[in-house]
Amino acid sequence: MRKYAFDIVYGTLEKNGHSDDLFHGILAEHKELSAQDKSFIKRLSYGAVERMLEADARLSLVSKIPVKKMSPVVRTILRMAVYEICYMDNIPSAVSCNEAVELTKQKKEGRYSAFVNGVLRNLVRSKDSFVPAGSWIQYSMPKELMKHLERQYGKKTAGKIASAFLQQQKGVTLHVDENKIATDKFLEILREDGINCERGYYMEQAVVLSQGAQVQNLPGYEEGWFFVQDESSMLPVLCAGIQPGNKVMDLCSAPGGKTVHALCCLGGKGQLIARDVSEEKVNLIRENVVRMGYPNVVCECRDARKPDKKNKGTADVVLADVPCSGIGIIGRKPEIKYRALNQIKTLLPLQREILDQAVELLKPNGTLIYSTCTINQAENEDNVQWMESELGLKRESLDEFLPELLTNRMTAQGMLQMLPGIHKSDGFFIARMRKVND
């Protein structure tokens, strides 16, 4: 199984790939893998990516060769082995060392096998005496990103956020379509089938499955009783206040969770146009919509930055869940933390181009819901201020739409910032804006 984990770690850290894509690609190619195999591969690969900076700090103390000067293959194998030895207590350290040496030989780097063995034996002897040199190593967070979070939220809250990223994530969250089945009834059916599940923390329609559950095999999958959606991702549509008969436009909608949620609110009445920038993404939306059985939706491949004369001024609600740095979901996609700050400069203009066109689609007095999965203020509060000053939008309170647990001074002013370690969710931002200049 380590050879598959290697492909994920190497592809992510050395080839700038995405851990999720690589993991699911392996699952698709090797259908013979058991649930236990999949769990091992995911934990080892994601853990090695997540703890890379800590692993490199540990290796620097026990290796004569600096990590940056190691061959990419050896560097990857050592990072994986460090995670095994330090965080997978059910595997004897001797086994981890031997497996790393064997993997080195399999990857045709056998000339380094003695080096790998020696480094890891040194690591085993010294692992319990390791003291992180600063909070950024403690949380295995890039130094500049840790400083960025501390500037925005203070050291105490930044530490809680970074710590939450490292905690074991829950399993898959489902959004139950109560037009088809009550959530209580769905929970009862799942438990009768021996499926470990619980109700969500914020949303009554949310059901959280234990890790390893196969969504496609659940009761009601073919009937469209539910769709996959994290609780924080349920909030934008909730805050939109969509009513049957509305025209809704979802601009960056793949894989389609918010689209389906909006269709549930429409209840078969009204119209929804769901768009994304590639046919591959639009096909994901179509798959979700078809399974859920909602007819009043059009799925289109379209760049949200391009003007749309046909639909100008026709939408009651526009959902703009824009591309963002993703800092809020580092706990699920750990490689984001190594890339996020470099991407922000190019993302900000893109976000504003999308928002500029989103406003054009709204009717007078229409509602724009702006959302991101980041906790970066430049992409969140600063963009809201820009929309108010440049696009003629006005914030509206979220309090009448949100669970009471989430209401505060900020939500009364039309914005919600979910923070890992503070809230029981990923990091997520929502703003409700009204078009008032027509």
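Where in the fold is Asn365 placed? Asn365 has its place in strand β9, residues 362-372, where strands (E, at least two residues) and helices (H or I, at least four) are DSSP runs numbered from the N terminus.

The views below show a predicted model, in which local features need pLDDT of at least 70 and side-chain atom pairs count only at pLDDT 80 or more, while totals for chains, interfaces and linings use all residues. Residues are numbered from 1 along each chain as its sequence is written, and side-chain values use heavy atoms, with hydrogens and water left out.

**View 1**
Most residues other than glycine have a negative phi, and most peptide bonds are trans. Asn365 has a positive phi, near 75°, and Lys108 likewise has a positive value, near 60°. Lys108 lies in the loop that runs between α6 (93-106) and α7 (113-126), and with a relative accessibility of 73% it counts as exposed (exposed is over 50% relative accessible area, buried under 20% and partly exposed in between, with a 1.4 Å probe and protein chains only). The peptide bond leading from Ala254 to Pro255 is cis, its omega being near 5°, and Pro255 belongs to the loop between β5 (247-250) and α12 (257-266).

Eight aromatic pairs are found in the structure; rings of Phe, Tyr and Trp (its six-membered ring) pair if their centres lie within 6.5 Å, and planes under 30 degrees apart count as stacked, over 60 as edge-to-face and the rest as tilted. Tyr83 and Tyr87 are stacked, because their ring centres are 5.4 Å apart and their planes stand at 25°. These two residues are four apart in helix α5 (residues 72-87), so about one helical turn separates them. Tyr83 is buried, at 9% relative accessible area, whereas Tyr87, at 26%, is partly exposed. Tyr201 and Tyr202 form an edge-to-face pair, with 4.9 Å from centre to centre and 90° between the planes; Tyr201 is partly exposed at 44%, and Tyr202 is buried at 11%. The charged end of Lys424 sits over the ring of Tyr201, 5.2 Å from its centre, and Lys42 lies over the face of Tyr46, at 5.3 Å from the ring centre (the rule asks for NZ of Lys or CZ of Arg within 6 Å of the ring centre and within 35 degrees of the ring normal).

Four strands, in the order β2-β3-β1-β4, make up an open sheet with antiparallel pairing, where two strands pair if DSSP finds at least two bridges between them. Its edge strands, β2 (197-199) and β4 (226-228), each pair on one side only. Strand β1 (residues 173-176) is joined to β4 by three bridges in the antiparallel sense, and Val176 has Phe226 as its bridge partner in β4. Helix α10 packs on this sheet and touches β1, β2, β3 (206-209) and β4, a contact being heavy atoms within 4.5 Å. Leu187, found in helix α10 (residues 183-192), is buried at 4% relative accessibility. Not counting residues up to four places away in sequence, Leu187 touches Cys197, Glu198, Arg199 and Val207; the C-alpha atoms of Leu187 and Val207 are separated by 7.5 Å, although the two residues are 20 apart along the chain.

**View 1. Salt bridges between parts of the chain.**
The count of salt bridges comes to 25, each being a side-chain nitrogen of Lys or Arg within 4 Å of a carboxyl oxygen of Asp or Glu. Asp321 and Lys258 form one of them, with the closest N and O atoms 3.2 Å apart. Asp321 lies in strand β8 (residues 315-321) and Lys258 in helix α12, so this pair ties together parts that are 63 residues apart in sequence. Asp321 is buried, at 18% relative accessible area, and Lys258 is buried too, at 12%. Arg332 and Asp426 meet in a salt bridge of 2.7 Å, N to O; Arg332 is partly exposed at 27%, whereas Asp426 is buried at 8%.

Key:
Axes fitted to C-alpha atoms, helices over the stretch in contact; angles between N-to-C directions.
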